[in-house]
Amino acid sequence: MKNKIVMDSSGDLKQMDGVSFSCVPLKIVTDSREFVDDNHVDGDEMIGYLRQYTGKTTTACPGVGEYLDAFSDAENVYCVTITSGLSGSYNAATAAAKAYLEQYPQRKIHVFDSLSAGPEMALLAEKLQELITEGLDFSQIVEKVTAYQQKTRLIFSLESLHNLANNGRVPMAVAKVVGVLGLRLLGKASDEGTLQPNGKARGEKKVVPELMKKLQEMGYAGGKLRISHCCNEKAAMELKQAVLSRFANADVQYWPAKALCSFYAEDGGMLVGFEAEA
Ligand code: X90
């Protein structure tokens, strides 16, 4: 196998066409159950279980061994992880890359710290897929995807930050602001790859118009846009329609978040990755 894309499960992709691809699962762990975020986990069932579960829940990033298994026997590995600002996944992948090169010095591997999550990671994987298919060599691909990453952004709308706060990923004070009177927290991935609140939507109806405003403020001008949603296909569809009515030729897709992003984005949450012009 010549080229392979490896991404952790927070990228919300199950498979990719025309390229070798592996998704390395994170885990959601409760006292009585463990949900491995692979292609078999039933996200809706997990959300249902967690709704009635009152104990402590944590998450775990993939281990070095899991990354090594995913790198497998590829000559060129391109690995994309969730932000190192919120997870140990990037560190595990980097340690695995080091071990891989020690074992196979003639092979090549690059680990991209997405500084993001969900659909922005998917955009990076799609760019890798495109450049691999065009037949570019390893160093050109790394250079182009690194440059591309400067143009991609992530924004989101969250109805609850309970799990983020309980797991120390946002300050409790930020989480407390939401969860009142249908308020949704809007935010973006900061340059450091952490969660940066930047607005509120009062009620579900305001979410799509507010996200449209944010998109345009942040330089979206009709490029690729990807949406992951947690049990909120309605809002994802509405956002797609709103984007297409403003930018008729935009390439917009949406899909359900896998388990890790569903756990943190929670019921109703929506993540939007997009290409910015500026
Ligand atoms: O290593 C682990 O246990 C995983 C920890 C992941 C924590 C954050 C996941 C965020 C998922 C929520 C909103 C988007 C925030 C993105 C900021 C960069 C999605």
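Which strands does helix H3 (residues 89–103) lie across? Helix H3 lies across E1, E6 and E7, and runs at about 170° to E7. The structure is a predicted model, in which local features need pLDDT of at least 70, side-chain atom pairs count only at pLDDT 80 or more, and totals for chains, interfaces and linings use all residues. Residues are numbered from 1 along each chain as its sequence is written, and side-chain values use heavy atoms, with hydrogens and water left out.

Helices (H or I, at least four residues) and strands (E, at least two) are DSSP runs, numbered from the N terminus. Strands of a sheet pair through backbone hydrogen bonds, either parallel or antiparallel. Here, two strands pair if DSSP finds at least two bridges between them.

An open sheet is built from four strands in the order E2-E1-E6-E7, with parallel pairing. Its edges are strand E2 (20–24) and strand E7 (108–113). Each has a single partner strand, so one side of each is left without a neighbour in the sheet. On average, neighbouring strands of this sheet are turned by 15° against each other, direction ignored. Angles run from 0 to 180 degrees between N-to-C directions, and axes are lines fitted to C-alpha atoms, for helices over the stretch in contact. Strand E1 (residues 3–8) runs parallel to E2 and is joined to E2 by five bridges. Within this pair, Val-6 has Ser-22 in E2 as its bridge partner. Helix H2 (residues 64–71) packs on the sheet and touches E1, E2, strand E6 (76–81) and E7. Contact means heavy atoms within 4.5 Å. The direction of H2 makes about 150° with that of E1.

A further open sheet has three strands in the order E4-E3-E5, and here the pairing is antiparallel. Strand E4 (34–36) and strand E5 (57–60) are the edge strands, each pairing on one side only. From one strand to the next, the twist averages 20°. Strand E3 (residues 27–30) is joined to E4 by three bridges, and the two run antiparallel. Val-29 has Glu-34 in E4 as its bridge partner.

Two packed helices are described by the angle between their axes and the distance between the axes. The axes of helix H4 (residues 119–134) and helix H5 (residues 138–149) come within 10 Å and cross at roughly 150°. H4 and H5 are therefore roughly antiparallel to each other. Angles under 35 degrees count as roughly parallel, over 145 as roughly antiparallel, 65 to 115 as roughly perpendicular and the rest as oblique. On the H4 side, the contact includes Leu-124 and Leu-128. The contact residues divide into eight nonpolar, one polar and three charged. Ala, Val, Leu, Ile, Met, Phe, Trp, Tyr, Cys and Pro count as nonpolar, Asp, Glu, Lys and Arg as charged, and the others, Gly among them, as polar.

Two serines were also examined. Ser-228 is placed in strand E11 (residues 220–229), and Ser-262 in helix H10 (residues 259–265). Buried means under 20% relative accessible area, exposed over 50%, partly exposed in between (1.4 Å probe, protein chains only). Ser-228 is buried, because its relative accessible area is 1%. Ser-262 counts as buried at 4% relative accessibility. Beyond neighbours within four places in sequence, the contacts of Ser-228 include Trp-255 and Ala-257. With residues up to four places away in sequence not counted, Ser-262 touches Met-46, Ile-47, Cys-230 and Ala-257.
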